[in-house]
Amino acid sequence: MVIKNFKLAPSILSADFSRLGEEVRDVSAAGADYIHLDVMDGRYVPNITFGPVVIESIRPYTNLPLDTHLMISEPERYIEDFSKAGSDILTVHAEASTHLHRTICQIKETGCLAGVAINPTTALSTIENALPYVDLVLILTVNPGFGGQTLIPEVLAKVRDLKSLINEKGYSTQIEVDGGINANTASQVVQSGADILVAGSAIFNKTESIALAVERLRNSVQ
């Protein structure tokens, strides 16, 4: 028996970039709820991935919301670009935006949903005052910058604390969790209070089909 409903947001960071459009189409058909896009600039994190042009190129391959996670410095400079490329959700890091409220408002003005992300050792107090304004909080259970890492279990306490805070205040904010999500960890993450699970290598792997991987992950949450 599934313990609660949750949304699945496969991260294309682990997809085959030589056939990215097909991978996005296949994971959409397999029952994903969002497509998660990890944008990295080589400054805020030590890796570089892709920008608005790639997002624009995959937009025709899915009708699912494009959930864009901006792991970049000064994200306010690029909000309009990523919105125009087809993003439906734009999430920025509290640590990367000097004037977080202004950036959140900027995202909302484009028509996108707004999210704020925090790293494993970032305190919830950093974003508490932003909760009334954002649609989701993305809690990273690994250090940002690379896929395929192992979930840091101590961070799940932060997920539980955030869930309690949201319920106490009566907010409608969704909790998204990203990092080390697979069939062995998904259930405890959902039990901790996550509404949306981001999974990369657990979905896009060479050992099974995307459809089977999605089914396996969903069935693991019991």
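This is a predicted model: local features need pLDDT of at least 70, side-chain atom pairs count only at pLDDT 80 or more; totals for chains, interfaces and linings use all residues.

Colleague: Where do Phe17 and Phe50 lie?

Modeller: Phe17 is in the loop between β1 (7-10) and α1 (20-29). Phe50 is in the loop between β2 (35-40) and α2 (52-58). The two parts are 33 residues apart in sequence, so the pair ties them together.

Colleague: Phe50 first. Buried or exposed?

Modeller: Buried, because its relative accessible area is 8%, and the cut-off for buried is under 20%. Phe17 has 41% relative accessibility, so it counts as partly exposed.

Colleague: What lies over the face of Phe6?

Modeller: Arg218, at 5.5 Å from the ring centre.

Colleague: Now the strands. How many residues of β2 are buried?

Modeller: Six of its six, so β2 is mostly covered. Ile35, Leu37 and Val39 point one way. His36, Asp38 and Met40 point the other way.

Colleague: And how many bridges join β2 to β3?

Modeller: Six, and the two strands run parallel. Asp38 stands opposite His69 in β3.

Colleague: Moving along to β4. Which strand does it pair with, and in what sense?

Modeller: Strand β4 (residues 89-93) pairs with β5 in the parallel sense, over five bridges. Ile89 stands opposite Leu113 in β5. β5 is mostly covered, with five of its six residues buried.

Colleague: How many bridges between β5 and β6?

Modeller: Four, again in the parallel sense. Gly115 has Leu136 of β6 as its bridge partner.

Colleague: Is β6 enclosed or open, and why?

Modeller: Largely enclosed by the rest of the structure, because five of its five residues are buried. Leu136, Leu138 and Leu140 point one way, Val137 and Ile139 the other.

Colleague: What about β6 and β7?

Modeller: They run parallel and are joined by five bridges. Ile139 has Val177 of β7 as its bridge partner.

Colleague: Back up to the loop between β5 and β6. What about Asn119 there?

Modeller: Asn119 lies in that loop. It is buried, with a relative accessible area of 13%.

Colleague: Which residues is Asn119 in contact with?

Modeller: Leaving aside neighbours within four places in sequence, they are Tyr44, His93, Glu95, Leu140, Pro144 and Lys158.

Colleague: How far apart are Asn119 and Ala186?

Modeller: 19 Å in space, C-alpha to C-alpha, and 67 residues in sequence.

Colleague: Switching to the core. Which members of the largest nonpolar core touch the most others?

Modeller: Ile12, Ile181, Leu197 and Ile203, out of 62 residues. Helix α5 (residues 156-169) gives the most to this core, with five residues. There is also a second, separate core of nine residues, which includes Ala9, Leu136, Leu140 and Val198.

Colleague: What does Ile181 touch?

Modeller: Not counting residues up to four places away in sequence, it touches Leu151, Ala186, Val189, Leu197, Val198, Ala199, Ala202 and Leu217.

Colleague: Let's go back to α5. Which of its residues are buried?

Modeller: Leu156, Lys158, Val159, Leu162, Leu165 and Ile166. Note the lysine in that list.

Colleague: What span should α5 have, and what are its end C-alpha atoms at?

Modeller: At 1.5 Å a residue, its 14 residues should span 20 Å. The end C-alpha atoms are 20 Å apart, which agrees.

Colleague: Last one. What comes just after α5?

Modeller: Gly170, with a positive phi of about 75°.

Notes. Residues are numbered from 1 along each chain as its sequence is written. Side-chain values use heavy atoms; hydrogens and water are left out. A nonpolar core is a set of buried Ala, Val, Leu, Ile, Met, Phe, Trp, Tyr and Cys residues joined through side-chain atoms within 4.5 Å. Buried means under 20% relative accessible area, exposed over 50%, partly exposed in between (1.4 Å probe, protein chains only). Contact means heavy atoms within 4.5 Å. The expected span of a helix is 1.5 Å times one less than its number of residues. A charge sits over a ring if NZ of Lys or CZ of Arg is within 6 Å of the ring centre and within 35 degrees of the ring normal. Two strands pair if DSSP finds at least two bridges between them.
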